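Colleague: I want to know what stands behind the terms you use for this model. Take me through them.

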Amino acid sequence: MNAGSLSGTLTVLVVGALMCVAPATGRPALQFGVRVPRDRLGAPVIRKERRAYYWRTAAVVICCTAAALAIDSNGWVTRIILLPEFAANLVCFLAARRKITAVKNADHWFAGQRQTVVADTSWRTDPPRFPVRWLVPALAVVAATVVVGALRYPGLPAHLVTGSGRRLSKTAVSVLVVAGQLYITTLCSGLMLIVYRSRPDIEAADAAASTLRYRRFLAAYSRAVLTVAALADTTLLLVGLREWQVYAPAGPGRALLALPVAAGVLLLSTVALRTGQGGSKLNGNVRGIGRAAGCDRDDDRFWKAGLVYVNRDDPSVMAAARFGAGWTLNLGNPAAWLIIGGIFAAWAGFIVIGVLAGI
Amino acid sequence: MLLSIEPDGPVPIYQQIRDRIVEAIAGGRQPAGSALPSTRQLAVDLGVNFHTVNKGYDLLRQEGLLRLGRKSGAVVRRDADSGPPDPGWAQDWAGRLRTLLAEAAAQGLPAAEIVRECQAAIAEFAFPDAVADGVNGSGSPL
């Protein structure tokens, strides 16, 4: 097995495993993107569908990883398996969601419930601070890359020859490495900054305690995201060092380039599994503050397929994701489309530079 | 302060926002001089249009409970410790209270239960010491 095939197979395995355990990170009141009132959390259909989802997605992971191992030819070929793997897991998710929704609607789970939305004004009058210091490692890696690149650049030939024998412009390669790092760092820090200004993910029935838990979750998750940015930048630095002929990895050692990114994915997954979405797995009971009457609002109608949030009346740009841990954009807000446009415009820029450079 | 609304309830959202803030001021959770989130921030947190929050804040401003400034934002203007209300306000309030009590009487709620409910609500408010003593010492002022 070559390095490309090894990293491709591991990617298929890790992505499948993460999708398999995703329900374990979610809020108990959100099952497969369906809002569930507290008194229905133990409904038989939820237990049954969770069990079925775990078995089905585990089977998908095993089949896809076995296929990736069997192909064992080229990293890109094995990575193509990610597409059917993702589609199969999505089908498992939608099947579970459809069955829970059917029972919810048939039994009128929210009938007679007092549905409320709660805001904790202390979130704005005493807002959490964005961890700027955790951005330093990522910026330090970018600075180191620029320094090494500037030192190596004059001594390099006009065209670099890759391992596969292709000739690439040294300017394009150098620009792509540094621009890639800046893109990742800006994307991670920019999105987290928006999250800090967005609505906290709190439960109406336990607002004070869940705000406290969300503060701790946001602090841990944002630090993890900025660390992931630093690790991804490190992978690009290693790629740059290889292209600038500082070192020449050979054999399975070439897979080491992906090691920082893999460590980042592992870190983020561990934080998500330990804290739960919005800090739902953390302890954070507030003594002396009673629980609000009522339950969370049944807002399923704003969630397409339980994954995509579209609410034109909500001025928030980002909202807490309903499946897994993290956040998603509110596609009902024009600002969200501007962000998506910016992300894809940057991608398009990279592709244009790559094409011009003959990559 | 926890601000709870029912978006699908019969009471307009701006009215609910106004009511919850009045209750927080009366309960001492939002004293005079304390800041409230800006209209845009509260709109994001409640997931409602910011014009709705603006309408609720404007009601409170008209009632003299909130001061809205470009730089200072929304600040609570007065509370129970800020002295007697503006002239004429008590008369208007007494009229509204009469209607509210009439609703309870018309629906057949016994007088004793109406008084009990009123006392329970007053017990949750942060009255200045002198007024609170008056309520507790001489029985019910109602």
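Modeller: Start with contact: two residues are in contact if their C-beta atoms, placed from the backbone, lie within 7 Å. By that rule, 22 residues of chain B are in contact with 22 residues of chain A. This is a predicted model: local features need pLDDT of at least 70, side-chain atom pairs count only at pLDDT 80 or more, and totals for chains, interfaces and linings use all residues. Residues are numbered from 1 along each chain as its sequence is written, and chains are lettered from A and ligands numbered from 1 in the order in which they are written.

Colleague: Which elements of chain B supply at least two residues of the side that touches chain A?

Modeller: β1 (2-5), β2 (35-36) and α2 (39-46) of chain B each do. Helices (H or I, at least four residues) and strands (E, at least two) are DSSP runs, numbered from the N terminus. α2(B) gives the most, with 7 residues.

Colleague: Why are β3 (residues 115-120) of chain A and β1(B) called paired?

Modeller: Two strands pair if DSSP finds at least two bridges between them. These strands have 4 bridges, in the antiparallel sense, so they pair. A:A119 stands opposite B:L3, and A:V118 stands opposite B:S4.

Colleague: Which side chains of β1(B) are buried?

Modeller: A residue is buried if 20 or more other C-beta atoms lie within 10 Å of its own, exposed if 12 or fewer, and partly exposed in between; C-beta atoms are placed from the backbone. B:L3 and B:I5 point to one face and are buried. Of the 142 residues of chain B, 22% count as buried.

Colleague: What makes a set of residues a nonpolar core?

Modeller: Its members are buried Ala, Val, Leu, Ile, Met, Phe, Trp, Tyr and Cys residues joined through C-beta atoms within 7 Å. The largest core has 85 residues; among those touching the most other members are A:V118, A:C188, B:I17 and B:L46. Helix α8 (residues 207-243) of chain A brings the largest share of this core, 18 residues.

Colleague: Which residues does A:C188 touch, not counting those up to four places away in sequence?

Modeller: A:V225, A:L226, A:V228 and A:A229.
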